[in-house]
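Visitor: I would like to understand how the words used for a protein model are tied to numbers. Could you take me through some of them?

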Amino acid sequence: MIPIGARPRILGSILGTVILWGASAALVACEEEPFSKSMTLGGKKVSADTLNAGKEAYTHYCRACHGDKGDGRGPAALGLRPPPRDFSQGKFKFAAVESGSLPNDDDFRRIVKKGLHGTAMLSWDVPDQELTTIIQYIKTFSPKWQKEKPGTPIVPPPDPWAGQDPAAIQRGKELYHVTTQCAGCHPNYATRDDIAAMTLKLKKFQVTSFRDDMYGSVLKESEYRTTLAPQDEPAVHIKKGAKSEHKEAKDEAAKTAAAKYFVVSLLPPDFVRTPLRSGDELPDLYRTIAAGVGGTAMPSWKATAPYTDPTTGEHWDGDKDIWAMAHYVKSLVNLRGTREANTMQDKLLHQPAYVAPPPLPEPARNDALENSRSEFWVWAKPSKNSLVPRCAAQPRVRSTHHLDGIAALGTCRGAKSA
Ligand code: HEC
Ligand code: HEC
């Protein structure tokens with residue numbers, strides 16, 4: 001990430017480069033017409049004319065960072081963190097689709113027009129018609145677009161908590177710290193006693209310890225890769241090699257092994273300090289929590305159907321709870337830059353040591369509980385090793401959210417997502 005103080009200067013030079021490189025490269029682009037045939041991208045037929053126009057406009061507006069090949073290696077990309085998206089990976093973070101699915105054109109429009117705050121991806125003033133062609137052209141960089149269709153758009157339903165802010169915030173706070181384990185990655189914003197009380201209330205579970213540095217965020221590796229060395233971070237050097245009998249494949253494997261790339265790590269935002277990339281109004285927060293952040297550790301909650309734990313009575317209410325968390329995060333975002341934010345964090349950092357109550361009798365529930373939709377929740381002791389996701393009816397797990405704290409949630413293979 002660009003240090004706050006240096007941002008205006010660095011962005012100034014980025015913009016200079018964008019204009020210079022854009023202008024000279026645009027001249028070249030006019031001479032060639034690289035597309036002679038239409039293509040099917042994201043399930044829609046796109047004409048060669050659109051793609052040629054898109055390439056020209058892309059060269060003008062986007063190439064400086066995202067590069068000629070869409071690989072995020074443009075001349076202005078050096079040292080940027082997060083690095084410009086490598087479109088050849090076909091992965092995106094902020095689309096209003098369940099993370100992992102391809103974005104819809106409206107997602108690209110929103111992202112380009114609004115920008116991603118706190119990154120070099122500013123809001124770009126691209127005329128609509130050109131933007132439409134750029135969006136199609138971007139899809140030619142990854143073969144994924146020729147095979148897959150975009151995900152179903154997540155549209156926020158009406159806010160069920162309208163006019164009941166305090167109740168929404170209280171519910172959101174409990175979910176955040178206990179049920180959905182947001183604080184496994186993002187900071188906690190409650191005292192240890194408060195978290196223990198909320199956990200006991202919802203899960204009938206006695207907290208005995210908390211994660212280290214629980215009032216800070218946990219740095220998470222993402223699925224994004226870049227070959228551009230970061231300027232100010234230690235790099236994780238990944239070596240990839242494949243064994244093969246064939247000379248050709250061996251040479252290829254040697255080349256791959258020699259290629260260096262860096263795993264992009266991301267620090268989940270501290271809501272009372274860090275600006276959010278894709279907007280911090282309530283509907284933006286609903287979208288982020290429902291969709292998750294694609295290619296990162298941040299899970300999607302939209303597909304998790306309402307559920308009641310038969311033993312504790314703990315209830316997950318689907319959309320209504322996603323909205324409650326949006327209200328809670330919004331209440332934290334509202335503290336950003338205020339004295340209350342500092343007072344709250346001071347109080348949390350200087351609270352008395354936690355005295356764990358005597359443990360409850362060993363719960364007979366270190367085990368999977370299932371419902372009719374074959375989803376399971378596993379509640380276990382606060383250790384990853386003790387999580388045992390199980391699907392009795394269909395014994396294979398389709399997906400799990402391994403949340404760093406005490407819970408895991410998953411869906412059994414073959415189960416319909418509601
Ligand atoms: C000054 C550099 C710069 C320019 C110019 C630029 N971008 Fe970006 N772009 C970025 C960075 C950096 C990111 C990564 C942000 C992140 O990962 O949070 C990004 C990310 C993106 C993403 C991914 C969003 C997601 O949800 O994953 C898209 C799409 C995108 N840019 C499109 C464009 C288009 C289209 C243009 C031209 C109109 C453009 N960008 C111009 C720097 C730039
Ligand atoms: C396993 C780790 C993890 C968990 C659990 C998690 N997040 Fe995140 N979250 C992240 C990461 C990583 C990012 C940063 C992505 C980035 O920098 O682009 C993030 C980003 C966000 C953002 C900001 C998106 C933006 O526009 O910049 C919000 C809001 C958010 N998380 C809310 C939540 C809520 C609410 C929960 C609980 C339901 C949650 N997160 C659970 C890892 C996590």
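Visitor: Why is Ala196 called buried?

Guide: A residue is called buried if 20 or more other C-beta atoms, placed from the backbone, lie within 10 Å of its own, exposed if there are 12 or fewer, and partly exposed in between. Ala196 has 22 C-beta neighbours inside 10 Å, and therefore counts as buried. This is a predicted model, in which local features need pLDDT of at least 70 and side-chain atom pairs count only at pLDDT 80 or more, while totals for chains, interfaces and linings use all residues. Residues are numbered from 1 along each chain as its sequence is written, and chains are lettered from A and ligands numbered from 1 in the order in which they are written.

Visitor: Where does Ala196 lie?

Guide: Ala196 lies in helix α8, where helices (H or I, at least four residues) and strands (E, at least two) are DSSP runs numbered from the N terminus. Ala196 is eleven residues from Val207 in sequence, and their C-alpha atoms are 5.5 Å apart in space. The chain has twelve helices and ten strands, and buried residues make up 37% of its 418 residues.

Visitor: What makes α10 mostly covered?

Guide: Eight of the ten residues of α10 are buried, among them Asp284, Tyr286, Arg287 and Ile289. What covers these buried residues includes α11. Just after α10, Gly292 takes a positive phi of about 80°.

Visitor: How do you know that the length of α11 agrees with what a helix of its 15 residues should span?

Guide: The expected span of a helix is 1.5 Å times one less than its number of residues. For the 15 residues of α11 that gives 21 Å, and its end C-alpha atoms are 21 Å apart, so the two agree. As for burial, α11 is mostly covered, with eleven of its 15 residues buried, including Asp321, Ile322, Trp323 and His327. Its cover includes α7, α10 and β6 (315–316).

Visitor: Which residues is Ile322 in contact with, leaving aside its neighbours within four places in sequence?

Guide: Two residues are in contact if their C-beta atoms, placed from the backbone, lie within 7 Å. On that test, Ile322 is in contact with Tyr286, Ile289, Ala290 and Trp301.

Visitor: Which residues of the largest nonpolar core touch the most other members?

Guide: A nonpolar core is a set of buried Ala, Val, Leu, Ile, Met, Phe, Trp, Tyr and Cys residues joined through C-beta atoms within 7 Å. The largest such core has 64 residues, of which Ile134, Ile289, Ile322, Met325 and Ala326 touch the most other members. Of the helices, α11 gives the most to this core, with eight residues.

Visitor: Why is this core said to lie between domain 1 and domain 2?

Guide: Domain bounds come from an automatic or database domain assignment. Domain 1 (39–147) and domain 2 (165–214 + 269–366) both give residues to the core, so it lies between them.

Visitor: What makes up the shell around ligand 2?

Guide: A residue is near a molecule if its C-beta atom, placed from the backbone, lies within 6 Å of it. By that rule 26 residues surround ligand 2, the closest being Cys182, Cys185, Arg277, Ala297 and Met298. The shell around ligand 2 divides into 16 nonpolar, seven polar and three charged residues, where Ala, Val, Leu, Ile, Met, Phe, Trp, Tyr, Cys and Pro count as nonpolar, Asp, Glu, Lys and Arg as charged, and the others, Gly among them, as polar. α10 gives the most to this shell, with three residues.
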